[in-house]
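Reader: I've got a model open and I'd like to learn how to read its interfaces. Can you walk me through it?

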There are 2 protein chains.
Amino acid sequence: MAKTVKSEKTTYHHGDLRAALVEATRQLIEEKGIDHFSVSDACRRAGVSTAAPYKHFKNKGEMINAVMLESMDRHKHEMLAAVQPYPEGSLDRIRALGRNYVGFAQREPGIFLLRFGQNPDPHLPEVEDLGQDTYDIVQHEVAKILGEPGVTDKVKQRSFMLWSFVHGLSMLTMNPELAEKGGNLDVEELLNEIGWRVLRD
Amino acid sequence: MAKTVKSEKTTYHHGDLRAALVEATRQLIEEKGIDHFSVSDACRRAGVSTAAPYKHFKNKGEMINAVMLESMDRHKHEMLAAVQPYPEGSLDRIRALGRNYVGFAQREPGIFLLRFGQNPDPHLPEVEDLGQDTYDIVQHEVAKILGEPGVTDKVKQRSFMLWSFVHGLSMLTMNPELAEKGGNLDVEELLNEIGWRVLRD
DNA sequence: TGTCAAAGTTAGCGTCTCTTACATATGTAA
DNA sequence: TTACATATGTAAGAGACGCTAACTTTGACA
């Protein structure tokens, strides 16, 4: 997570400036929020001139898109790994997914809001695909638990209920002022409660 | 909601420029999002020079704060009114609150995200107070339904579960790309389902 | 070794931003 | 009517930003 942005050896050619810029951009989005992110800032952090990025990205938007793709792909694989340790068809797997979702939001609120916040223009197709992949994981687990033969209407409904809850929980716990209103409730306990309540008949 | 921003008579003194600027700011935040809002835009919309706002607001931030206050106050009173028609202690009142919450997010996504999105600096005390007032309404209703003698730990937990769910549902349905994954589920039906599932023993 | 494309830099254009100092118009109250 | 406080306009400062053109350094390969 704390990747190097500026290489020690100060050679003319950076080596992998593209990756360094993506990482710098990601860090800055986390630190200042997307609305205060500037290309110049990313350049300063990566230790290159303000013109350098344009050898790797068409414009500012493409830098941000690159960060979003990298981050969502990482999240997808995190979710797959989170489920792994628990037996198929168990509620533990659902809980693990919820725990990871909330954890991701807390670790990377900037990216989380970038993905789900207000954006005038629609996302890249690749972003939507990654989002769908990730949601498929949830729907698959829900179907297993409910004993449904695939993504039926019932599975869709329960999955969306779970997503809504976990998403809201993420947003609220991201903001200390708001989380406080929950009265220091344990996230783990809330996930436990919601799991069986939503998935029971 | 579609308030006049520029008065027809073009007198030197506007009459109520402050209110006009607040409304222009609110509209622009809805249209372009907070990160693309500029004082100049608000001035253009209100039909005054770019220096005019500084007789009414200390700076840009105070304009935005004014909008937030106005909007949250309105939301609080909407919530109070939403509950009114239904008998005390009934689940209908909870559902009405949820319906209004989601509705507000859909009608005014810009303000909704401004309130709940990523902001480096904490909100005004007045904003927090209004938020608390609104949440108190929910906790009060939950206590009534559960037959608890006030805001007990149980009331806190269930209220926060409801809030999380409704908040997540708001965020997801605000974004057409994401709402689609719910498979055109009826919000009303989701609120019904969640209500009893969360509040039952 | 010589050539060339790739990956940097320097310099700057054009635009937008927030904000202020100062001039001007207007309404009000004596 | 006159004086004055209030509300607005004009003009401009000071700075950030995105992006481009043109130049320079570097590494790889014939």
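Author: Let's start with domains: their bounds come from an automatic or database domain assignment. In this predicted model, chain A is divided into domain 1 (17-55) and domain 2 (66-199). The C-alpha centres of those two domains of chain A lie 28 Å apart.

Reader: How many residues of domain 1 of chain A are in contact with domain 2 of chain A?

Author: Seven residues of domain 1 of chain A touch 10 residues of domain 2 of chain A. By class, that side of domain 1 has three nonpolar, one polar and three charged residues.

Reader: And which residues form a salt bridge there, with N and O atoms 3.8 Å apart?

Author: The rule finds one salt bridge across that domain interface. A:Glu108 pairs with A:Arg26, their closest N and O atoms being 3.8 Å apart.

Reader: What about area?

Author: The size of an interface is often given as the accessible area lost when the parts come together. For the two domains of chain A that is about 630 Å², with 73% of it on carbon and sulfur atoms. Chain A and chain B bury about 4,400 Å² between them, 63% of it on carbon and sulfur atoms. On the chain A side, A:Gln118, A:Lys181 and A:Arg197 lose the most area to chain B, together 18% of what that side buries.

Reader: How many salt bridges does the rule find between chain A and chain B?

Author: Two. One of them joins A:Glu128 to B:Lys181, with the closest N and O atoms 3.8 Å apart. There are also nine residue pairs in polar contact across the interface of chain A and chain B, both residues being at pLDDT 80 or more.

Definitions and conventions:
Residues numbered from 1 in each chain as written. Chains lettered and ligands numbered in written order. Predicted model: local features only at pLDDT ≥ 70, side-chain atom pairs only at ≥ 80, totals over all residues. Heavy atoms only, no water. Buried area = accessible area lost by both parts, 1.4 Å probe. Salt bridge = Lys/Arg side-chain N within 4 Å of Asp/Glu carboxyl O. Polar contact = N/O pair within 3.5 Å; in protein donor to acceptor, adjacent residues only side chain to side chain. Contact = heavy atoms within 4.5 Å. Nonpolar A, V, L, I, M, F, W, Y, C, P; charged D, E, K, R; others polar.
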